[in-house]
Structure formats: structure tokens, C-alpha cells
Amino acid sequence: MMAEMEDCEGVIATERYGSQESWKYLLKDRRMKRQKEEMDGRLAGNSISGVFKSVFLPQGYPESVSEDYLQYQLWDTVQAFSSSLSGTLATQASLRGVGVGNQEATVAAATITWLLRDGTGMLGRILFAWLKGNKLDSEAKKWRLFADILNDVAMFMEIAAPHFPPFFILIVCIAGIFKSIVGVAGGATRAALTVHQARRNNMADISAKDGSQETLVNLAGLLLSLVLIPLVTDNPLLTFILFFLFTVLHLFANYKAVRSVVMETLNEARLSIVLHRFLLNGQVLSPVEANQREPVFLSLGRTVPIKMGVRLGDIVQDPGELQLALKNNSKPYLIGIKNASVCVCLGSDASVHDEIMAACQALCLRNVLLNDSSLGEGLKQLADTKDPWELVSQSHKMIDHIFYTFLKELDQAKWRTDRTLLDWNEWRVEWRKKRS
């Protein structure tokens with residue numbers, strides 16, 4: 001075998017590094033030579049670009065990350081750069097407010113101001129994580145954008161604070177609370193997006209390279225800040241003008257960044273969009289189409305809340321209501337309409353598909369209760385039912401009829417149905433089945 005290989009000449013082996021570099025081994029005059037192959041008419045793996053990719057992009061890029069990774073990171077870089085410049089203006093204003101450059105200011109007064117700001121911020125961080133921590137996974141886009149808007153509000157308050165000396169401490173403390181909320185919401189949603197971007201269980205690598213990208217951007221912002229600081233010193237008007245321009249760029253880049261994210265996992269908003277289209281014409285939107293329609297701002301409008309994973313007592317108060325909840329229902333969950341809310345009580349043996357089914361049924365009931373004008377034929381029939389328990393009973397029949405077709409279409413449209421981002425609480429209940 002060895003003699004035959006030595007007698008033949010040409011390519012004897014090839015190798016590649018991801019999709020970036022390809023090499024071939026040539027045998028000529030009984031000597032083996034390694035040579036880089038051409039890709040699209042050019043030599044693959046330019047040394048400068050190769051080094052840049054290895055330093056700032058995850059190993060195995062682009063195969064090791066989601067398809068939306070590059071677009072998101074580009075817009076995230078723009079927003080980080082503009083935020084860095086705005087932060088410089090805010091820091092300068094804060095330092096001036098605590099007395100830097102003022103001979104009458106004391107170190108003790110400045111220290112107390114800084115400690116009060118940091119202390120209120122710490123309390124705000126704990127309180128926000130307690131109240132909203134469980135929402136940050138299911139609504140990562142909304143809270144990511146909210147965090148950046150709140151960060152701009154906090155920096156504006158810091159810039160404005162020195163112009164209101166009697167209220168300086170109060171303003172910077174409120175700004176500190178806002179920034180602590182930004183830290184929690186921004187960090188947690190960034191982690192959720194990292195889970196989405198990771199395609200080879202490489203979340204740590206993606207997070208590390210994101211940190212490198214952000215450090216590079218902050219370094220560029222620092223160099224530009226050295227030019228800006230002499231210009232804005234003792235010039236409040238220019239400070240506010242530049243802050244306004246940087247804020248507009250920051251918010252625009254953030255909006256484009258979260259809009260570029262295409263999550264294949266269903267949360268309440270994406271499931272509602274996909275289900276609504278399916279009920280209208282039997283078609284299931286792809287993840288790209290549904291994500292483009294998903295709202296990215298926190299809603300304050302009127303709606304019917306859906307509470308998933310509630311206690312049994314939140315749905316039924318007596319054995320008679322339990323029997324009503326079990327009418328036409330052999331599923332591992334109970335559903336009811338209480339206090340203008342749709343409540344779902346999940347059984348301990350419910351699967352992920354059962355969770356999706358329960359959420360679909362709850363969304364249908366919410367649309368009926370809201371008198372949605374664009375209801376499909378199935379929901380229009382439900383809308384004629386006035387009694388809440390009869391409405392729930394009829395909705396069980398409807399969901400039994402459509403769900404498994406809907407689930408099959410979800411799989412074909414490349415939605416992930418093995419896990420969800422639905423906001424379930426932790427209550428799980430076992431109940432006695434309806435007596436025959």
C-alpha cells in the first residue's frame with residue numbers, strides 16, 4: 001500500500017478548518033507538500049481576517065452560531081459605541097455635580113453622594129430581579145430594549161442633575177436605581193440571547209467573544225471621548241446636543257438589533273402570532289415571519305391576562321366547578337376564566353406539547369373575551385357562548401380538533417417544540433378524574 005501511494009502523484013488528502021480554510025496534501029517526487037486551496041477564486045483564510053475572526057468571533061463561526069448572529073452583533077456594536085460616548089458625557093456631569101473642580105466641595109460630601117447612589121442602586125437591583133426575573137427569558141427582546149431605553153433616561157438624569165443643585169442627590173440616586181435595573185435586565189437578556197445564538201453548546205465561547213467585542217468598542221469610544229471632553233467642558237448646550245444625537249443612534253441601533261433576532265422557540269407573543277394566522281387560513285408562519293411581527297416594546301394597553309401554572313384554587317372553588325372544568329376535558333391541565341383572566345392549572349404529568357396546547361387554548365379564549373374582529377371561523381362560534389364554563393368546555397372541543405394539525409405544521413415550519421419560553425409558574429396539581 002505504501003509503495004502504491006509513493007508511485008502515484010497528485011492530491012492524496014484534504015483537510016479544512018470549519019468553512020474558513022481548506023488545504024490539500026500533494027505528493028510530488030515522493031515528497032508531501034501542504035497547499036492552501038482556493039475558494040471562490042481566491043485563497044481561503046487571509047491571515048489578517050483570520051486572526052481577527054479568531055480573536056473576536058466564536059470558534060467555528062458561522063456554523064457554530066445562529067444565522068442572525070452577525071447582524072445582531074453589528075447593530076449591538078453600534079449601540080455599544082454610542083452608549084459609551086453618552087456614558088462619558090454622563091460621567092463628566094456627575095463628577096462636576098459632586099464637586100470636582102469646585103474648591104468649596106469636600107471629599108466627605110462627594111463620598112456620601114456616591115455611597116447613597118450606589119446603595120440605592122443595589123436595593124433596586126435586588127427588587128427588580130425579585131419582581132421581574134422570571135420574565136426576562138420569555139420576553140428577552142422587550143426587556144433588552146427596555147433596558148437600553150432606561151439606560152438613556154438614567155444618563156440624561158445624570159447630565160441634567162448638576163443644573164438642579166438642591167435635588168442633585170435625589171436625581172443621581174434615582175438614576176442609580178435605573179442603572180441597576182439596566183444591569184440586571186441587560187445582563188440577563190444578553191444571557192438569554194446567547195443561549196439562542198449557541199448552536200454547539202458553546203455559550204461560554206460566545207459570551208467571551210461578545211465581551212471582547214464590547215471591550216474593543218469601549219476602547220474606541222474612550223479614544224473618541226478624549227477628543228470630546230475638552231469640547232463639552234463648561235458647554236452645557238453642546239453636551240445636550242451631542243447626548244441627543246448619541247441617544248438617537250443608540251435607540252435606533254438597539255431597535256434594529258432586537259428586530260434582527262430570529263428565535264425558533266415559542267413564547268406567548270410568537271405563539272399568539274402563529275396561532276392567529278393558522279386559525280385564519282390554516283398556514284403557519286416561519287420563525288423569520290413571526291419574529292418580524294413580534295412586538296418589541298412592553299405593552300401597557302388593555303388585554304386579558306393569561307396566568308399559566310396557577311394554583312387549583314385560582315380556577316375552582318368547589319367540587320361542582322371542578323366537574324365543570326373537566327367537561328370535555330381529558331387533558332393534563334385545567335383551564336378557567338376568573339376575574340377577567342384566563343387561568344391554566346397544569347398537571348404534574350404534563351409534557352411540553354401539553355403546555356403548548358394549554359397556551360393555545362388560553363390564547364383562543366383571550367381573543368374571544370377581547371371580541372377580536374379578526375377571529376377565525378372556529379373562534380366566531382365560541383364567541384356566541386356567554387357562560388364562562390360552557391365557553392371553556394366548547395374550547396376543549398375546538399382545540400382537540402385543530403391542535404395536532406397545528407403542532408405538525410409547527411414542526412414543518414422549523415419551530416422548536418421540544419422546549420418553550422412560555423411563562424409558566426411552578427404550581428403542579430393532581431386531581432381526581434371526573435366520575436363516570
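**A chat about the model**

A: Let's start at one residue: leaving aside its neighbours within four places in sequence, A93 is in contact with E158, I159 and P162. Contact here means heavy atoms within 4.5 Å. Before we go on, this is a predicted model, where local features need pLDDT of at least 70, side-chain atom pairs count only at pLDDT 80 or more, and totals for chains, interfaces and linings use all residues. Residues are numbered from 1 along each chain as its sequence is written, and side-chain values use heavy atoms, with hydrogens and water left out.

Q: Good to know. Where is A93 found?
A: A93 is in helix 3. Helices (H or I, at least four residues) and strands (E, at least two) are DSSP runs, numbered from the N terminus.

Q: And is A93 buried or exposed?
A: A93 counts as buried, at 2% relative accessibility. Buried means under 20% relative accessible area, exposed means over 50%, and partly exposed is in between (1.4 Å probe, protein chains only).

Q: What separates the C-alpha atoms of A93 and M157?
A: They are separated by 9.7 Å, while A93 and M157 are 64 residues apart along the chain.

Q: Let's switch to helices. At what angle do helix 7 and helix 8 pack?
A: Helix 7 (residues 168-197) and helix 8 (residues 203-232) pack at about 125 degrees, and their axes are 9 Å apart. The axes are lines fitted to C-alpha atoms, for helices over the stretch in contact, and angles run from 0 to 180 degrees between N-to-C directions.

Q: What do you call that arrangement of helix 7 and helix 8?
A: The two helices are therefore oblique to each other. Angles under 35 degrees count as roughly parallel, over 145 as roughly antiparallel, 65 to 115 as roughly perpendicular, and the rest as oblique.

Q: Is the crossing of helix 7 and helix 8 left-handed or right-handed?
A: Helix 7 passes helix 8 in a right-handed crossing. A crossing is right-handed if the near helix is turned clockwise from the far one by less than a right angle, and left-handed if anticlockwise.

Q: Which residues make the contact?
A: Helix 7 brings R190, T194, V195 and Q197, and helix 8 brings M203, I206, S207 and D210. The residues of this contact divide into three nonpolar, three polar and two charged.

Q: What's in the loop between helix 7 and helix 8?
A: N201 lies there. N201 has a positive phi of about 55 degrees, although it is not a glycine. N201 is exposed, at 74% relative accessibility.

Q: You mentioned peptide bonds. Which residues does a cis peptide bond join?
A: Y61 and P62, with omega at about 5 degrees. P62 is in the loop between helix 2 (47-56) and helix 3 (69-97).

Q: New topic: how many salt bridges does the structure hold?
A: There are 17 salt bridges. A salt bridge is a side-chain nitrogen of Lys or Arg within 4 Å of a carboxyl oxygen of Asp or Glu. One of them joins the side chains of D205 and K209 (3.3 Å, N to O).

Q: How are D205 and K209 placed in helix 8?
A: D205 and K209 are four residues apart, so about one helical turn separates them. D205 is partly exposed at 22% relative accessibility, whereas K209 is buried at 14%.

Q: What about D400 and K331?
A: D400 forms a salt bridge with K331, with the closest N and O atoms 3.3 Å apart. This pair links distant parts of the chain, 69 residues apart: D400 is in helix 15 (residues 388-412), and K331 is in the loop between helix 12 (319-325) and strand 7 (333-338). D400 is partly exposed, with a relative accessible area of 40%, and K331 is buried, with 6%.

Notes. Ala, Val, Leu, Ile, Met, Phe, Trp, Tyr, Cys and Pro count as nonpolar, Asp, Glu, Lys and Arg as charged, and the others, Gly among them, as polar.
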